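Trainee: I am new to this structure and would like to look closely at one part of it. Please pick a starting point and lead me onward from there, step by step.

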Amino acid sequence: IFGAGSLANFILAFSCILINFLLFNTMFTGYGVSYSGLVNNSPAFNASLNGTIVYLNGVRVKSINDFSNIMKNVTPGEFVNVTTEINNSQKNYTIKTFEEDGRSLIGIYGVTNYYKIKEFFVPVKKAVLFVLYLLSWIGALNLGVGIVNMLPIKPLDGGLIMQEYLKWKFNNYVKIANIISIIFAIILLFNIIGPKIITLVV
């Protein structure tokens, strides 16, 4: 049955994603706000802000939503007290906010939620991370295999399905299917090795 392999890949992929999501939300909890960098010459940059933000004006910050809600009540030019944490050690900063597009900012970018494993699961932290990474890779691999397998390239499932469809439309369906397969195979091959070739040439 054409497409059965891809369907199995998709089911396994989404099963891994779902299990991964459930395990992550069960074993980890929001702990703070991290960021990828500081805007040059911004207040945060000048204060040498470092670490995961865990308190803002004395209020516990566990997520981007918490951080945003507090900053909404801060007037541009007002000072805020920022507490960060690195390796279980906290440090306090007093930073003057500035205005951009009507918002009060301190000068950080690439903001993401920071999660920490719950105390109950700390003894098995390495095993938990291994399982999560394994599920992520299995899910991503099966999703990729399923998508590629459905491309209109013979003898992949997508190519065979395409040929069966063309069979009802054209007498020379095999030739047409072969041409389409070659075109898509070239496109797929270029996407894999094309960037490397271009990099070498340039």
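Mentor: Let's begin with a word we will need: two residues are in contact when they have heavy atoms within 4.5 Å. Keep in mind, too, that this is a predicted model.

Leaving aside residues up to four places away in sequence, Ser 63 touches Gly 32, Val 33 and Asn 113. Is this serine buried or exposed? Its relative accessibility is 19%, and buried means under 20%, so Ser 63 counts as buried.

Now follow the chain to the aromatic rings. A pair of aromatic rings is described by the distance of the centres and the angle of the planes. Searching the whole structure gives four aromatic pairs. In one of them, the ring centres of Tyr 31 and Tyr 114 are 6.4 Å apart with planes at 65 degrees, so this pair is edge-to-face. Tyr 31 belongs to strand E1 (residues 28-34) and Tyr 114 to strand E10 (residues 112-117), so the pair links distant parts of the chain, 83 residues apart. Tyr 114 counts as partly exposed because its relative accessibility is 33%.

Phe 120 and Phe 121 make another pair, with centres 5.1 Å apart and planes at 90 degrees, so they too are edge-to-face. Phe 120 counts as exposed, at 70% relative accessibility, whereas Phe 121 is buried, with a relative accessible area of 16%. Ring pairs also join Phe 24, Phe 28 and Tyr 115 into a cluster.

Let's turn to strand pairing. Strand E5 (residues 79-86) pairs antiparallel with strand E3 (residues 52-56) over four bridges, and Leu 56 has Val 82 of E5 as its bridge partner. E5 also runs antiparallel to strand E6 (residues 89-96), joined by eight bridges. Along that pairing, Val 80 stands opposite Ile 95 of E6, and Phe 79 has Lys 96 of E6 as its bridge partner. E5 and E6 form a hairpin with two residues between them, and Asn 87 in the turn has a positive phi of about 50 degrees.

A last stop is a pair of helices. The axes of helix H5 (residues 157-167) and helix H6 (residues 173-201) come within 9 Å and cross at roughly 145 degrees. The crossing of H5 and H6 is right-handed. Among the residues making the contact are Met 162 and Leu 166 of H5, and Ile 176 and Ile 180 of H6. By class, the contact has seven nonpolar, two polar and one charged residues.

Methods. Residues numbered from 1 in each chain as written. Predicted model: local features only at pLDDT ≥ 70, side-chain atom pairs only at ≥ 80, totals over all residues. Heavy atoms only, no water. Buried < 20%, exposed > 50% of the residue type's maximum accessible area, 1.4 Å probe, protein only. Pairing = 2+ DSSP bridges. Axes fitted to C-alpha atoms, helices over the stretch in contact; angles between N-to-C directions. Left-handed = near helix turned anticlockwise from the far one by under 90°. Nonpolar A, V, L, I, M, F, W, Y, C, P; charged D, E, K, R; others polar. Phe/Tyr/Trp six-rings, centres within 6.5 Å; stacked < 30°, edge-to-face > 60°.
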